[in-house]
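I opened my notebook to look through a protein model today.

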Amino acid sequence: MPHYQVVKGARDIFPDEILQWKHIEGVIHRLAALYGFNEIRTPVFEYTELFQRSIGSSTDIVGKEMFSFLPDPAGRSITLRPEMTAGVMRAALQKNLLAAAPVQKLYYISELFRKERPQAGRQRQFSQFGAELLGVSSPAAVAEVITFMMHVFEVLGLQGLTLRINTLGNMDDRKRYREALRNYLAPFYEQLDDASKERFEKNPLRILDSKNPEMQEIVTGAPKLHDYLGRESLDDFEKVLFYLSVRGIPFQIDHRLVRGLDYYSYTAFEVTSSALGAQDALGGGGRYDSLAVELGSSGEVPASGFAVGMERLLIAMQKQGLFSDLEAAAPSVFVIVQQQELFDQALEIVTRLRRAGISTVIDLAGRSMKAQLREANRMNAANALFVGSDELASGKCTMKDLRSSQQEECLLEEIIEKFRQSEPLNPPRS
Ligand code: HAM
């Protein structure tokens, strides 16, 4: 066992698996373009207050899962981002993006950090792909982000997904409900566990989410949020459901769905996969109009978004055998040097082929011809190009198709013509 191991909760991703990542990323980038989402990249760290204000100080993420540190003794605390939404909104406000164009459709594939207990599908460093649609308050906006997410799953071929959806109402509804919930919970206060006692003051809705069976028992008789929703919230929810229905997206209404982040209002949703184990949430999101105000904006910025865990997506796809036809790109040409003293000339040929856009490799270790051929086969190279003194003298090369074993002699120019890819990779001419 080597002395140094990867940090607990993090993973190395090796070339075989990179193929799977690139396949998924390719689909995400293609569909994002189809829906008109533009990519955004924000720093991996932000000032800690950003997450405290946005995700909420009573949440597990802010309470115990953030990697926070002081960059220097006098500096402000910074935190490795545990999610993307807050950073994307911060960036949009800071750059005043909505003044330039009143609707912003942004997406990302990014690394995140949460100090959780690692297990299958739960890491301390993980990635999400997600989208944030800013500037539109219509229920069509939340339906649009859900449709984009579900379309990615469909193109990737995922089966066994369940989309659960709920409305958390607007701020007024929630205020009335919070009061009602506190009134209900007050007689049980002494029986609440420590976390729930804290949540009782800050955000009693989160007690509904508690995994503690005693807390679950207490909340069974609690008033239901749904009974406190006003007409506006109910109409909004109806319309979201309508837009999903017309697009043929199946969903289940789940009035108990509250998400683990505080910034949501109106619609919230989550997708689970039957291919995943205990950590079966593949993605989730919702609408978060008041986040901008929490971050100091003078008015609300209507916003909807989602994020999907990339590692969980990968696990679900692996379990469903959805990567079986992926093949590593094999080189078109493996240049075989017949006598090592010709290596430098062979290298010139390699350079010419590569500059013509033809993927070419050569053995750099000075091994025997037999070993070079073995390597060419191991790499699944399409052709072997033999370079020997006779070939160099005649200006011709012997090219062997390693799949059919057919061999022919031709000029290097002819080979270049045959294999040339679209654009030669020469430096631009000035
Ligand atoms: P979230 O539900 O906290 O939402 O995370 C979204 C997804 O990220 C989860 O469903 C899960 O697949 C994945 N995930 C979360 N934690 C881990 C972990 N420790 N290891 C592996 N995967 C994980 C958000 O982050 C919101 N920002 C979503 C959103 C976007 N809402 C509006 N816009």
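I am working with a predicted model, and I began with its second largest pocket, which holds about 560 Å³ of space. I looked up which elements give two or more residues to the lining and found α2 (48-55), α7 (171-185) and α11 (291-294). The most comes from α7, with five residues. I noted 25 lining residues in total, and R174, R178, N203, D262 and Y263 are those nearest the centre of the pocket.

Next I turned to α1 (residues 15-35) and α12 (residues 310-319), whose axes lie 11 Å apart. How do these two helices sit relative to each other, roughly parallel or roughly perpendicular? I read off a packing angle of about 110°. Angles of 65 to 115 degrees count as roughly perpendicular, so that is how I describe α1 and α12. I listed the residues that meet here: α1 brings E17, Q20, W21, H23, I24, E25 and I28, while α12 brings M310, E311, L313, L314, M317 and Q318. By class, I have seven nonpolar, three polar and three charged residues in this contact.

I finished with the domain assignment, which gives domain 1 as 15-170 + 230-319 and domain 2 as 333-421. Taken over C-alpha atoms, the centres of domain 1 and domain 2 are 49 Å apart.

Notes: Residues are numbered from 1 along each chain as its sequence is written. This is a predicted model: local features need pLDDT of at least 70, side-chain atom pairs count only at pLDDT 80 or more; totals for chains, interfaces and linings use all residues. Side-chain values use heavy atoms; hydrogens and water are left out. On a 1 Å grid over the protein atoms alone, a cavity is a set of points where a 1.4 Å probe fits but cannot get out, and a pocket is an open set with protein on both sides within 12 Å along at least five of seven lines; lining residues have an atom within 4 Å of a point. Grid points are joined across faces, edges and corners, and a volume is the space filled by probe spheres set on the points. Helices (H or I, at least four residues) and strands (E, at least two) are DSSP runs, numbered from the N terminus. Axes are lines fitted to C-alpha atoms, for helices over the stretch in contact, and angles run from 0 to 180 degrees between N-to-C directions. Angles under 35 degrees count as roughly parallel, over 145 as roughly antiparallel, 65 to 115 as roughly perpendicular and the rest as oblique. Contact means heavy atoms within 4.5 Å. Ala, Val, Leu, Ile, Met, Phe, Trp, Tyr, Cys and Pro count as nonpolar, Asp, Glu, Lys and Arg as charged, and the others, Gly among them, as polar. Domain bounds come from an automatic or database domain assignment.
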